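Walk me through this fold.

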Amino acid sequence: MEVIRSLQNTRIKSWCKLHEKKYREKEQQFLIENEHLINEAISAHLLETLILKEDEKISFDFEGPVYYVSEEVMKKLKMSQSLPACMGVCRIPKTNQHLGNKIILCDDIQDPGNVGTMIRSAYAFGFDSFIVSNLSADLYNDKTLRSTQGAIFHMNVCRGNLVDFITLLKRKDYKIYATSLKDAKGLSEFKNEEKIVLIFGNEGRGVRQELLEMADDRIFIEMNRFESLNVAMAATICCYWFRS
């Protein structure tokens with residue numbers, strides 16, 4: 001078994017570049033850590049390369065290239081604080097132009113943990129596509145990936161101009177609902193529809209006015225003691241209400 005021990009190894013240096021968003025976008029690849037995410041990536045046929053710490057006995061049902069690295073090299077590659085036993089290089093999937101019937105739009109949501117949790121909830125409750133605005137958190141940030149618990153490998157996710165997406169979806173007879181604390185109806189007043197788009201806004205300002213005006217209706221979550229919830233929690237409740 002050959003073990004890569006040099007931090008100057010060309011392959012190691014190229015993988016380390018994937019810590020940065022600009023290189024992930026350029027190479028259309030991203031890194032993942034630990035067994036659960038790797039197994040999810042394998043099941044979605046997105047894992048390109050498997051990286052194992054030397055002497056690890058972990059077994060994966062993967063027929064692609066496998067590289068063993070020293071502990072020092074794994075420390076260089078890792079993204080989290082703890083030292084992983086395994087990592088993987090995945091390809092960023094191409095966007096499926098068929099967006100499905102249930103769609104989430106994220107308007108400038110900044111926290112990658114929120115974005116990841118929302119992807120996990122959307123997948124859990126049968127939503128088909130998850131679209132973030134150009135100023136939202138990176139979909140392939142390590143914190144985003146870990147927060148999805150692997151759901152990102154099984155959903156159609158993409159980034160783009162939300163005004164353009166809403167314009168297109170309105171032409172296709174989707175019901176467009178935006179979350180808002182003003183001039184909104186309680187969630188319990190809404191019936192499930194076959195084709196639904198839910199818009200969730202920035203943690204500080206909410207959904208921007210331009211998008212609110214494009215929506216067919218506005219939703220707020222009725223509650224007893226607080227005016228609003230964390231956006232990921234709000235998205236989870238709404239996804240459950242409109243679940244497939």
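Strand β9 (residues 175-179) pairs with strand β11 (residues 196-201) in the parallel sense, over four bridges. Pairing here requires that DSSP finds at least two bridges between the strands. K175 has I196 as its bridge partner in β11. Strands (E, at least two residues) and helices (H or I, at least four) are DSSP runs, numbered from the N terminus. This is a predicted model: local features need pLDDT of at least 70, side-chain atom pairs count only at pLDDT 80 or more, and totals for chains, interfaces and linings use all residues. Residues are numbered from 1 along each chain as its sequence is written, and side-chain values use heavy atoms, without hydrogens and water.

Now widen the view. Seven strands form an open sheet with parallel pairing, in the order β8-β7-β6-β11-β9-β12-β10. The edges are β8 (156-159) and β10 (185-186). Each has a single partner strand, so one side of each lacks a neighbour in the sheet.

Next, the helices. Helix α7 (residues 162-171) lies across β6 (102-107), β7 (129-132), β8, β9 and β11. It runs at about 155° to β6. Helix α9 (residues 231-241) also packs on the sheet, touching β6, β9 and β11. The direction of α9 makes about 165° with that of β11. Axes are lines fitted to C-alpha atoms, for helices over the stretch in contact (heavy atoms within 4.5 Å). Angles run from 0 to 180 degrees between N-to-C directions.

Finally, P112. It lies in helix α5 (residues 112-124). Is P112 buried or exposed? It is buried, because its relative accessible area is 17%, and buried means under 20% (1.4 Å probe, protein chains only). Leaving aside neighbours within four places in sequence, P112 contacts A137, N141, K143 and T144.

Definitions and conventions:
Buried means under 20% relative accessible area, exposed over 50%, partly exposed in between (1.4 Å probe, protein chains only).
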